[in-house]
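Hi everyone, thanks for coming. Please have a look at the chain on the screen, and I'll walk you through a few places in it.

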Amino acid sequence: MATFRRGGHRVQETTTSGFSGTGPIQLNGTPDTVDGIQTFVAEIGNGQATVYEVDDGAGSWERGVGIVTNASPDTISRDFVIASSAGGSKVNFSAGVKDVYIPLGVEMFDGVRLLTSSTTLDPRDHNRTVRVSAFSAAVTITLPDASTVPAGETYPVYAESATNNITITENGGSDLLVLTTDKDYAEFRSTGVTWIVQAANVQPIVTTFTSSTTWNRSPGRFGIEWEVVGGGGGGGGAGTTGSGQVSVGAGGGAGGYTRLVTDATTAGDSRAITIGSGGSGGSGANSGSAGGNTSVGILLQADGGSGGLSLLAASTLSATNGGTGGSVTTAGDVQCDGGAGSIAIRQTDMGAALTGFGGSIQPHGSGARGNAVFGGNDGGDGNGQGGGGSGAGNGPSQGSTRTGGAGTSGLVIVREYVW
């Protein structure tokens, strides 16, 4: 734990000559020659946070916040970069001596705490902004018992770095909110009995499920948006052919789609998620199988697309239908059927099998492309999630059966908002 301390503008020293790269700043431990100037360890203290500026005098500089460590040599970590000659990123310094100091304007950091590890806050810390860096590991910030903090007082929490999750929890109670994105901000207010989220500017938590599981609502997220896509159907297969014969399969239909925006009461704390599998392609002169249904408990269900049909080997011109797109059994605010697979044509006068395209459900899944086949080809698998497989084809005199392309499995996307 580190508490931010402002040392004034009379803290300055140089780095070691070997300091380079993007790692901690290595200090030489000797103050500048001007009277009254102090080193970071002497003025700020071991384990304390500080604003720093490091400048090589040749155009490379960096201003940030880090932790002072009394070691051999003394160091300042570079936990958060405020600005730099590298566009706000850490500067990859070349070796050589550089000036390090606390810059002017540091007053803006009065009353700020920089935390880099899990910490229980003190009741006296209210109204001080807590800046948290979870760059190295997940961090849990525990608020004090609300009864020890005057009603109406707040704890503002700002995510300097949320490479890992930052969880804010009550002392002895439940988790209040999880910050997952850099620059997320939330303010927690004491009622004298419990804590509430008074204000927040945080990005939604977005989770994509492509296999069956259980969804659990994240702490402090009260608006839930669901997108559900059924599995795509498989393409029809193609049988063996004799002289002048053609066998061909149609495309499989795409899975259906629905979307729902709801509150936490309707969403519940958890929901079983079932992902519909992609349908398999037909083998030989057989239809493809249907894609599976994707559901979120009893809340939503998008059905899988049907499999594409297959035309038996023959020497007559004919066509057969592609699989129908999946419908929506339990709909949300928006719904649409998946795209149907395209027909397959037995074009015997040309000696060609015109295989069917797989159906699409954009933007999540697209169907595989059909082809004009004069020899023999298997169908292509669908793309993305919920796309239909294309049909297989055999032109004249093909002794091997062909398999239609497989549809792709469905998916569920969940976006969790604070509102």
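This is a predicted model: local features need pLDDT of at least 70, side-chain atom pairs count only at pLDDT 80 or more; totals for chains, interfaces and linings use all residues.

Let's begin with Thr210, which sits in the loop between strand S18 (205-209) and S19. A word on those labels: helices (H or I, at least four residues) and strands (E, at least two) are DSSP runs, numbered from the N terminus. Residues are numbered from 1 along each chain as its sequence is written, and side-chain values use heavy atoms, with hydrogens and water left out.

Back to our threonine. The cut-offs here are under 20% relative accessible area for buried, over 50% for exposed, and partly exposed in between, with a 1.4 Å probe and protein chains only. Which residues does Thr210 touch, leaving aside its neighbours within four places in sequence? They are Ile275, Gln385, Ser409, Gly410 and Leu411, where contact means heavy atoms within 4.5 Å. Ile275 is 65 residues away from Thr210 along the chain, yet their C-alpha atoms are separated by 6.4 Å.

Now for the sheet that S19 belongs to. Five strands make an open sheet in the order S19-S23-S24-S25-S28, and the pairing is antiparallel. At its edges are S19 and strand S28 (328-330), each pairing on one side only. From one strand to the next, the twist averages 15°; for such angles, axes are lines fitted to C-alpha atoms, for helices over the stretch in contact, and angles run from 0 to 180 degrees between N-to-C directions. Inside this sheet, strand S23 (residues 270-274) and strand S24 (residues 294-296) are antiparallel partners over two bridges. Two strands pair if DSSP finds at least two bridges between them. Across from Thr274 you'll find Ser295 in S24.

Next, aromatic rings. How many aromatic pairs does a search of the whole structure find? The search finds three. Rings of Phe, Tyr and Trp (its six-membered ring) pair if their centres lie within 6.5 Å; planes under 30 degrees apart count as stacked, over 60 as edge-to-face and the rest as tilted.

One of them is Phe19 with Phe93: the ring centres are 5.8 Å apart and the planes stand at 45°, so this pair is tilted. Phe19 is in the loop between strand S2 (12-15) and strand S3 (25-31), and Phe93 is in the loop between strand S7 (80-84) and strand S8 (99-101), so the pair ties together parts that are 74 residues apart in sequence. Phe19 is buried at a relative accessible area of 0%, and Phe93 is buried at 4%.

Another is Trp215 with Trp226, whose ring centres are 4.8 Å apart with planes at 70°, so we call it edge-to-face. Trp215 belongs to strand S19 (residues 213-216) and Trp226 to strand S20 (residues 223-229), so this pair ties together parts eleven residues apart in sequence. Trp215 is buried at 2% relative accessibility, and Trp226 is buried at 0%.

That brings us to S20 itself. How many of its residues are buried? Seven of the seven in S20 are. Gly223, Glu225, Glu227 and Val229 point one way from the strand, while Ile224, Trp226 and Val228 point the other way. S20 pairs with strand S22 (residues 257-263) in the antiparallel sense over seven bridges, and there Ile224 stands opposite Thr262. S20 is also joined by seven bridges to strand S37 (residues 411-417), again antiparallel, with Arg415 as the bridge partner of Glu225.

A last stop is the open sheet of four strands, S27-S30-S31-S33, with antiparallel pairing. Strand S27 (318-320) and strand S33 (372-373) are at the edges with a single partner strand each, so one side of each has no neighbour in the sheet. In the loop between S30 and S31 lies Met350, which is partly exposed at 49%.

Finally, confidence: pLDDT is the predictor's confidence in each residue, from 0 to 100. The protein chain has a mean pLDDT of 90, and 95% of its residues reach 70 or more. Over residues 1-8, though, pLDDT stays under 50.
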